[in-house]
Amino acid sequence: MHGIIFEQFGGPEKLLITELPEPLPSSGEIQIRIAYAGVNPIDWKVREGLAKGWLPFELPIVPGFDCAGIVSMVGPGVTEFKEGDRVYAYIKKKKIQWGTYAELVTCPVTQAAPMPQNLTLAEAASLPLSALTAWQAVMETAPIKVGQNVLVHAGAGGFGGIAIQLAKAAGAKVFTTASAKNHAVVRKLGADRAIDYNNEDFLSVLLAEAGGADIVFLNVEGIEEKSLAATKDDGRIVSIVGAPDPKEAAARGITASLVSVEPSGLQLRALTALIENGQVGPLEVLEMRLEDAAQAHKESQTGHVCGKIVLKIA
C-alpha cells in the first residue's frame, strides 16, 4: 500500500509518499481501507516534533488520526463490524507511528463507528477528532443550560463548527469569533452573534451584549487570559489548548477545565444519530490529494481553514 511518512521531524518538506507494509488486524481490531483522512493541527505539531514531550512515538511516522472508509478485514473475535461496512474513526494508538495518511489502517473496534448514512465519505472523514473534542468539551465537561450565553472561539473551524451546533441544540445563545467572510458559515451552523475578530473585540462584545459568557470554549492559543476576562463570575471556561491563570479563575469562582480528547466509538455513534436526525450538520470540506499532504499542512498551519481539510486516499 502507499502512504505518507516522515523519517525526521521538521517542516512540510519532510512528508514523503512511499510504499508501506500492509497492517493486519489483531484480536478486537478492524482493518479500514481509507477513502479520506482528516487533516488536523495535531498532525503538523507531531511532524514538527512539538508533541514529543507528551505523546509516545517511533519514527518513521505515518501522520493522521482520523478517517472514513470501508472495513476491509476483521480481526479475531470481532462481531461489531463486517467487511464492507462504511465507518469513521478517531484512532489513537499506544504510540504514534501508523496513522491514517495511508491506504489501510487498523484500529480497535471501540474507536470506530458506522458513519452517518447521509454524509459523503469526505464529510465523514472531517469529523471524528474535531467532533469528539467538541462532544467531550460541550456534552461532558460543561453541560449547557437553556438560555446560557456561550462563547465558541474560531467557529468556522473543525472544533468550533461542531461546538456551535451542540451548544445551540442544548438551548444556548451562541457567540462566536470568525472572520467576516465566514460569518454566513457560522450563522448557518447556529451562531446567534458572529464577532469579526479582525474588527471587533470579543471581550467588549461579550461584556456589552451579555454581561460576559456563562461558558467559554477556548480553542485558540494566546487568548487565555482575555477569554477568562470574558467569562462571568462562577462561570466555566473549557480549553483544548492551554489553561488560564488558575488563581484568577478560582478567585472569581470560575471552573477552568482542560480537555484532552480520547477516542470513543460510542460517542461517534451518538454523533451519527444526531447527524442522521438533522440536529448536527457536516463541516465545510476542502478536499486535497494525498500527494498534496505538505500543502495541506501549510494550509492548516495558517489557522484560517474554514471547516476541515481532508486528503483523498482512494
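**Figure 1. Polar contacts across the interface of domain 1 and domain 2.** In this predicted model, 7 residue pairs, both members at pLDDT 80 or more, are in polar contact across the interface of domain 1 and domain 2. Helix α9 (residues 265-276) contributes 5 residues to the side of domain 1 that touches domain 2, the largest share of that side. Salt bridges between domain 1 and domain 2 number 0.

Figure 2. Domain 1 consists of residues 2-128 + 264-312, and domain 2 of residues 131-258. Between their C-alpha centres the distance is 27 Å. On the side of domain 1, 20 residues take part in the contact, and on the side of domain 2, 16 residues. The size of an interface is often given as the accessible area lost when the parts come together. For domain 1 and domain 2 the buried area is about 1,400 Å², and carbon and sulfur atoms give 62% of that area. Which three residues supply more than any other three of the area that domain 1 buries against domain 2? They are Gln267, Leu283 and Cys306, with 32%.

**Figure 3. Parallel pairing of strands β14 and β15.** Strand β14 (residues 231-239) runs parallel to strand β15 (residues 255-258), and 4 bridges join them. Serine 239 has leucine 258 in β15 as its bridge partner. Between β14 and β15 the chain passes through helix α8 (residues 246-251), forming a right-handed β-α-β crossover.

**Figure 4. Parallel pairing of strands β11 and β12.** Here 4 bridges link strand β11 (residues 173-178) with strand β12 (residues 193-196) in the parallel sense.

Figure 5. Most residues other than glycine have a negative phi, and most peptide bonds are trans. Is the bond from leucine 59 to proline 60 cis or trans? This peptide bond is cis, with omega near -5°. Proline 60 lies in strand β4 (residues 57-62). Alanine 154, a residue other than glycine, has a positive phi, near 50°. Alanine 154 sits in the loop between β10 (149-152) and α4 (158-169).

Technical notes: Residues numbered from 1 in each chain as written. Predicted model: local features only at pLDDT ≥ 70, side-chain atom pairs only at ≥ 80, totals over all residues. Heavy atoms only, no water. Pairing = 2+ DSSP bridges. Helix = DSSP H or I, 4+ residues; strand = E, 2+ residues; numbered from the N terminus. Right-handed = clockwise from strand over helix to strand, strands pointing away. Domains from an automatic or database assignment. Contact = heavy atoms within 4.5 Å. Buried area = accessible area lost by both parts, 1.4 Å probe. Salt bridge = Lys/Arg side-chain N within 4 Å of Asp/Glu carboxyl O. Polar contact = N/O pair within 3.5 Å; in protein donor to acceptor, adjacent residues only side chain to side chain.
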